[in-house]
Amino acid sequence: MGCEISPELAQGALETLQSMQDPNGGFGGGNRQVPHLADTYAAVMALALLESEDALGIVDREKMLGWLIRMKQSDGSFCMHEDGEVDVRGTYCALVIASLLNIMTPEVTEGCAEFIAKCQTWEGGISLYPGVEAHGGYTLCGLAALEILGRSDILDLKRLSRWMILRQLPFEGGFNGRANKLVDGCYSYWQGGSFVLLQKALKRSQAQDYLFDREALQRYVLACCQARDRRGGLRDKPGKSSDLYHTMYVLCGLSLAQHYVGVEPEKIVSSTESVYSVPVRMMQWGAILKGLNVLGHRSNLVKPIHPVYAIPFSPLAKAVKYFYSLPPLAETLH
Amino acid sequence: MVQVIESEGVTILPLSQQDEWKDVVPLAQEETATMICPIAYAEDYKEKMDYLRALMAKGEVSQRALKLTSDVIEENPGHYTAWVYRKRLVHELETSMEDELLWVAELSEMQPKNYQLWHHREAVVEMLLDPQSVQGMSQDERVAIPVLRRELGFLAESLDEESKNFHAWAYRQWLVHTYGLWDQELAFVSVKIDEDVRNNSAWNQRYFSLIAGGSSLSAEVVEHELAYTLEKIKLAPNNESPWSFIVGLLLRHAPAELYQSLLPQITALAADEEYLSAINGTPFYWATLVDIYEQQAKDVPEKQKEAIELASSACDVLATECDLPRQKYWRFRQTQL
């Protein structure tokens, strides 16, 4: 988000992450741990943030693909880890990883969109798996995964947006994750990011702006989510303490509310056949300067991030360039 | 150096000083000098982890391994690798599933929001009671089976404790679905809604139990739900859940009922002196009108023009009076009519 990563820190991060890669593919939460999709997602994105070929080069793509396929279920969903739970978080993590590493194959993508569609509930939001309650975190997972696949039209977008808009609370300005629940800073990304993705799904332009109230969200983040103690960091709400999870997602939400990140409707590439359509579609996203809307002092401004990958554009572009210069493991997506 | 721990008058020696563990060479977490963000583990936990890693590396199946996973998980329930190993141990050692369930239950009370724990609980219950074995039984017979009776009781308690616990509701869905406990579910859900009419998780469970694993609803059920929901709206008009529930249900199962039944009933309510100000003041009423008229415009060609005008003026009310913070959305919605 604008901070320098020192060479020592970068080297330390690389070696730490290297020790967590499983010999049979994927990353675990620590060395000798079973590889886990959420940890693998975090590891791959962290490596991308290091912006070096050395870091990107440690990922074993062939093994990764094999592991992803072993986690894949017959209904199009993914298991979080061997013997683990199956839900839409898995679909999101798997597709983020596969799309970035250039290992999107039909075996990875088959049935994913259909599974996500089944997670859309009577409320309109997306749930962890079919049947359970619509939820902000899982809505972003579903929408972002569909954006990677170029399939967001499989959802009932009208019901989805109707549910999403009610998640921003009129008084607080922040988002809740489910109906009749309290606001929580982390949904600034999960729900705010969903609005950014929805913008493209609905083919809305920058001039039309996002559907949610960008200033109200920034006000909530700036006034309520900054921990006032010496430790600093960002938090769920006043009275709670800060942690790394909330710091990450509150900051991402702030970024998305400040910048207009989108793809203008006339430029949308809808092709989804070739594996090379993936980087083209993903890298179409960008911040449109005209859409900048910063609440308060300009020192509040943070870098724009990609709504799917939740990291800034420059390291993302480098990682995409690196992995898509390597031979793909399959030519087509379907 | 691991310290000797005194707990409740009992001295606990570090594993390295216990005879039982003499044959195991602990496997430390590989740490490089440049390791970043190391977690400051307590020394005794770190030692247990080192022994656990060693046992996992050689794939040992033993009681001491099982005990060690208990210790590690009790201190760090998010340790999914320990859970994976434990599941295998429980299976291969043929340990008492009753004991396993008791252990998980105790842990659930302390850790109600942990993914691994609820997942493990499903696996244990399934090992304890084969879902095939309840086929052909009546609902009363099923809920009388000790495991199921206890799980339902445990869930009722968990949801008393925290009525919107996502994991508890998800687990309840799994239990109801796996063992066909559909007939008792609606009564349970109705109690939860009576306790808190704003409990959206309970409204979601209501839909789940009505559908009961199928995909359609009978006309009687639809009619009953309409009347039921309307009563709940009267209790607290500015409550998203019932409004959203009835619109969502009708859109999926009986869209014509939106304008044939729901519309006259809610407009009557909006004209009723007792509810007039509350109903007209809530954005959910106007938002529901938008949904209803939009459906009517789609279904009934001769009413199309009028319905679109009515939907549009409901959007106006929302954008200018009732739901100002969301006006951008209502203006967009207006353009979509």
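Analyst: A nonpolar core is a set of buried Ala, Val, Leu, Ile, Met, Phe, Trp, Tyr and Cys residues joined through C-beta atoms within 7 Å. A residue is buried if 20 or more other C-beta atoms lie within 10 Å of its own, exposed if 12 or fewer, and partly exposed in between, with C-beta atoms placed from the backbone. This is a predicted model, in which local features need pLDDT of at least 70, side-chain atom pairs count only at pLDDT 80 or more, and totals for chains, interfaces and linings use all residues. Residues are numbered from 1 along each chain as its sequence is written, while chains are lettered from A and ligands numbered from 1 in the order in which they are written.

User: Which residues touch the most other members of the largest nonpolar core?

Analyst: They are Ala94(A), Ile97(A) and Ala145(A), in a core of 160 residues. Helix H5 (residues 88-101) of chain A gives this core its largest share, ten residues. Helices (H or I, at least four residues) and strands (E, at least two) are DSSP runs, numbered from the N terminus.

User: And what does Ile97(A) touch?

Analyst: Leaving aside residues up to four places away in sequence, Ile97(A) touches Thr40(A), Tyr41(A), Val44(A), Met64(A) and Leu68(A). Contact here requires C-beta atoms, placed from the backbone, to lie within 7 Å. There is also a second, separate core of 18 residues, with Leu68(B), Ile73(B), Tyr80(B) and Trp83(B) among them.

User: Changing topic, how many residues does each chain bring to the contact?

Analyst: Chain A brings 37 residues and chain B brings 35 residues. On the side of chain B that touches chain A, H12(B) gives the most, with six residues. That side of chain B divides into 14 nonpolar, twelve polar and nine charged residues. Ala, Val, Leu, Ile, Met, Phe, Trp, Tyr, Cys and Pro count as nonpolar, Asp, Glu, Lys and Arg as charged, and the others, Gly among them, as polar.

User: How many residues of helix H9 of chain A are buried?

Analyst: Seven of the nine residues in helix H9 (residues 157-165) of chain A are buried, including Arg159(A) and Trp163(A). Their cover includes helix H10 (187-201) of chain A together with H17 of chain B.

User: What about Leu166(A), is it buried or exposed?

Analyst: Leu166(A) is buried because 25 other C-beta atoms lie within 10 Å. Leu166(A) sits in the loop between H9 and H10 of chain A. Not counting residues up to four places away in sequence, Leu166(A) touches Ala179(A) and Glu240(B).

User: How do H9(B) and H10(B) cross?

Analyst: The axes of helix H9 (residues 182-195) of chain B and H10(B) cross at roughly 160° and come within 9 Å. Axes are lines fitted to C-alpha atoms, for helices over the stretch in contact, with angles from 0 to 180 degrees between N-to-C directions. That crossing makes H9(B) roughly antiparallel to H10(B), a word used for angles over 145 degrees. The contact of these two helices divides into six nonpolar, two polar and three charged residues.

User: Where does Ala212(B) lie?

Analyst: Ala212(B) lies in the loop between H10 and helix H11 (219-235) of chain B. Phi of Ala212(B) is near 45°, a positive value in a residue other than glycine. Ala212(B) counts as partly exposed because 15 other C-beta atoms lie within 10 Å.

Terms used:
Contact = placed C-beta atoms within 7 Å. Parallel < 35°, antiparallel > 145°, perpendicular 65-115°, else oblique.
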